[in-house]
Structure formats: structure tokens, C-alpha cells
Amino acid sequence: MGNGHRRWLFADQLGDHFLDDDDQPVLLVEARSVLERRRFHRQKAHLVLSALRHRAAELGDRVIFARTRTYGEALDAAGEPLTVCHPTSHAAAAFVSGRARVTVLPARGFTTSREDFAAWAEGRGDRRLLMEDFYRDARRRLGVLMDGAEPAGGRWNFDADNREPPPRGGLGVPGPWRPVEDEIDEEVRRDLDRWERDGVVSFVGRDGPRAFPATRAEAAEALARFVADRLPCFGPYQDAMSSGDPVMAHSLLSPALNLGLLDPMDCVREAETAYQEGHVPLRSAEGYIRQLIGWRDYVWHLYWHLGPGYRRENRLSAHTALPAWFAELDADAVEARCLSWALRQVRDHGFAHHIVRLMVLGNYALQRAFEPERLTDWFHRCFVDGYDWVMTPNVVGMSQHADGGLLATKPYASAGAYINRMSDFCHDCRYRPDRRTGADACPFTTGYWSFVARNEELLAANPRTSRSVHGMRRLADLDEVRAIEADRGDAPP
């Protein structure tokens, strides 16, 4: 049955593009020790197990579906040579490399190969591995949104045009595709309930209806709905936040992509075709495609290029433990409206779009010097699309600037004015974004200036942040601002 050895599929390699042909025998492993070791979001555990079990049901008699405590137990029981596509974490890669009867194949599920990345990176040095350069190279190599040798529309990047705040009346676009749970989901929920009652596992966040695809067919339907209904509005509002619309025009496809249910090039070609046929403006198609063949692949390759030690980078000497209210998603303890809302999204759904992650959750953590490695673990466990390769570069590098500027040219710290400009949170908040002192001083504003003062020397040496240092030095009330932050300590704002 099939050619070659049985293919072992990890739970984030569930699409047909991880197999060589339609008859290949498969090994799937549901290892409960993964859930025993760490406190994942309840809905993340449900999604992963649901996707695994749905895939096993689809494969029928082609699959050995091993439900064991550990991966090692399943491999020992398999008793035959296996092939596996390169895993997505350093720990998993080390594990499979130590198995004598497992042959590791090149990674799949990304648009740029390891060899193509190495060819692009050669001779540049770490300081020149810029995402924009990588993205343009990928556009040319893959022939995406190109007009001959030039980019479609004469521009590579429409990011500067895609920073509009949320419109007052909302976007007026249809909501995202949502699944209907089935008997497999019911079985998963019963198992998770039982394991939790027995004290075998423990979760963060709240249970809820499965909100993301668990099969390739569901993922394809969700992609089609996104391209038809929301992609046209995606570009202009991709950085906007709305208290009444947590989805906005975002795709919500990252969980399906990171489970391997969608091939990213399928998403790219769908968006490109929609632009070419006149259904989607170029700035929306380009913005979405940049996230796929640009940022997503760039982060994937940096994860391997920078090595396992990168997760311990801490150039800003940030050593604050995550407060219990933050770690446990206690949104009700927080009065700052944007932060309470963001934590509620994570608590109730295991998800928030990228600008909420970066400019609310990550921004607050950066300002308070939360320990980057622990924050990375929190994002990994609490988000349904969180994986080690995703969160390590995004949190350590992009969000917390813990690598000293290797990935991002400046820290993504901002005062309340940014949140006020890009959202509708501030008008009903007890804090005022323009206040640094007093009872109604915005914690993002006081936190921002405290962050600048704490990192004055580093920020003064960076041309992109030196103006902030000059502004901080002119503040007559800086000591009072820093005292407010010191008095708050790790209490919820």
C-alpha cells in the first residue's frame, strides 16, 4: 500500500502536501504527555486533538493512530521504518534525529526552502537579514504579484497606505467562517474534561465552541470565504483595533496554516487571482501575501538560522516575572480597557490578531520588562496558532526587542496615543491616553516614558528612537511618572 516507508505526521503536518501520494501509509501520534507538561489554552488543546482525530478518521485503514502517553512509546510500538518531514521545533528535531529507524525529510508547508534561504542569506551577515529584502526576493523567485521583472502596480510594499484607524460605523463585512462541531469534537471535549477532573492535565483560558478549521475541507472553505468577503478590506485596516469587532478583516487562517491544513501557496494564489480578476485591491492582496511569503517564512527560517539559544536573548535585561493576573488571563482584574479587552479575547478564544498582540499585550510587557523567555512560553501556550517557531522570533525579537535589534530596527513600544489613534478603546476608558500623571494617567503612557528612561542609553544610540530620548529628557515630571510605575508594581492597571 503506497510507495516507500510509512509517513509519520506530527500534529502540525496534517495536510495532503505532507504525503508523497494518495496511498501512502501514515502514523499519527496523540501523545498526552505534551498536555501534561505545560498548561495550554483549553481551546488550543481541543483544536489540536480535534484536527488529529479528524485526520485519522479521513485516512481510515491507511493510518496507525497511536494514542499513547509519549511519542517514544508510539514509535517503539510501530516497529517499522518511518519517514517524517522536518519537525517545527528544536526539541522535536533533536528527538527525531535520535531515532534510528526514522528518516527525516526536508520541511514542507513553507514557500521558501532551506536551500533558497541559505542562498539569499549568504554573505549578508545577521545585521542585513532584513525581512523586506527577503520578501522581494521571494516575490521574484515565486513569481507572485509580478509584472515582468517589476512588482505589480510599480511598488513592492503598500504598508504605508495600510494604517487606517477603524471606521466609526464598522467595516460592514460578513463575519468569518465558523465550523459546526461534530461527534469527534464531542469526544475530544469529554476526554479533556475527564483528564482535567482526574488532575492529569490543567489548562488556562475558557472552553468554548471550536472556532477554527480542523480539516483540510473546512480550511479551504474558510479561505474561500475570507478571500471573497474580507480580503478586499484587509489592507487598509490590518493595523486597526475595534472593541466591537475583534475579527475586523483578518483571515483567521493562521491556526489552519500552522496545523498544516493549508499549503501557504494555495492562499497566496487565491489572493493573487482575486486581485488579477478585479475583486480585491492590490494593497489588500499585497498586504496579505506579504504576511505569508514574507513574514511567515522569514520567521520560520530565522528560527533555525539563529539557533536554540536565541530564545534566551535578553539584551534589555528584562527580568520581571509575569504577574499572576496576566499569566492567568484575568481580564476582569484590569481597568485599562484595551488591555482588559485583549486579555478577554485570549481567555475566551485563545486568539487576537497581530496588532493586539504586538501593540497591546506585547507593548505592555515590554514596558514592564517582562522576562522574554517566559513571555514567549505564555504566547505559545495561550494562542491557538502558537508554536515554538512562531513565537520565539516574534516575541523575543519583534515584540520584546530582546535581541538588541537583530530582527526589528526599533522596539515596538508606544504610549497611549498610538492605541487611541488606531482603536476605539480610549474614549470609554477610565484612563486618558494623553495623561502622564494623576489618577487618570494612562498606564501605557506612563509605562512608555518609564521604558525610555530605563533604556535611555540604548535608545539614544538608535536613530529611530533617539527623538524619544530627547523628548523624555525634556519632561519636567519624569520622576513623578516613574514613581507612578514603581507604585503600581505588578498590580493590574
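Which helix does histidine 90 lie in? Histidine 90 sits in helix H4, residues 90–97, where helices (H or I, at least four residues) and strands (E, at least two) are DSSP runs numbered from the N terminus. Before going on, a word on the ground rules: this is a predicted model, so local features need pLDDT of at least 70 and side-chain atom pairs count only at pLDDT 80 or more, while totals for chains, interfaces and linings use all residues. Residues are numbered from 1 along each chain as its sequence is written, and side-chain values use heavy atoms, with hydrogens and water left out.

Back to histidine 90, which is buried at 18% relative accessible area; buried means under 20%, exposed over 50%, and partly exposed in between, with a 1.4 Å probe and protein chains only. Leaving aside residues up to four places away in sequence, histidine 90 touches Tyr303, Trp304, Gly307 and Pro308, a contact being heavy atoms within 4.5 Å.

Now look at the sheet. Five strands form an open sheet in the order E3-E2-E1-E4-E5, with parallel pairing; two strands pair if DSSP finds at least two bridges between them. Strand E3 (63–68) and strand E5 (102–105) are at the edges with a single partner strand each, so one side of each has no neighbour in the sheet. On average, neighbouring strands here are turned by 30 degrees against each other, direction ignored. Axes are lines fitted to C-alpha atoms, for helices over the stretch in contact, and angles run from 0 to 180 degrees between N-to-C directions. Zoom in on strand E4 (residues 82–85), and you'll find four bridges joining E4 to E5, the two running parallel. Cysteine 85 has leucine 105 in E5 as its bridge partner.

What about charges? The model has 48 salt bridges, each being a side-chain nitrogen of Lys or Arg within 4 Å of a carboxyl oxygen of Asp or Glu. Take arginine 189 and aspartate 207, whose side chains meet at 2.8 Å, N to O. Arginine 189 belongs to helix H7 (residues 183–197) and aspartate 207 to the loop between H7 and helix H8 (216–229), so this pair ties together parts 18 residues apart in sequence. Arginine 189 is buried at 19% relative accessibility, whereas aspartate 207 is partly exposed at 34%.

Arginine 347 and aspartate 348 make another salt bridge, with the closest N and O atoms 2.7 Å apart, and arginine 347 is buried at 9% relative accessible area. In the bridge between aspartate 440 and arginine 435 the closest N and O atoms are 2.6 Å apart. Here both partners are partly exposed: aspartate 440 at 22% and arginine 435 at 39%. Elsewhere, salt bridges with shared partners link Glu30, Arg53, Arg67, Glu187, Asp191 and Arg194 into one network.

Finally, the cysteines. The disulfide count is zero, a disulfide being a pair of cysteine sulfur atoms within 2.5 Å. Cysteine 267 is buried at 0% relative accessibility. For cysteine 426, the closest cysteine sulfur is in cysteine 442 at 6.3 Å, again too far, and cysteine 426 is buried at 9%.
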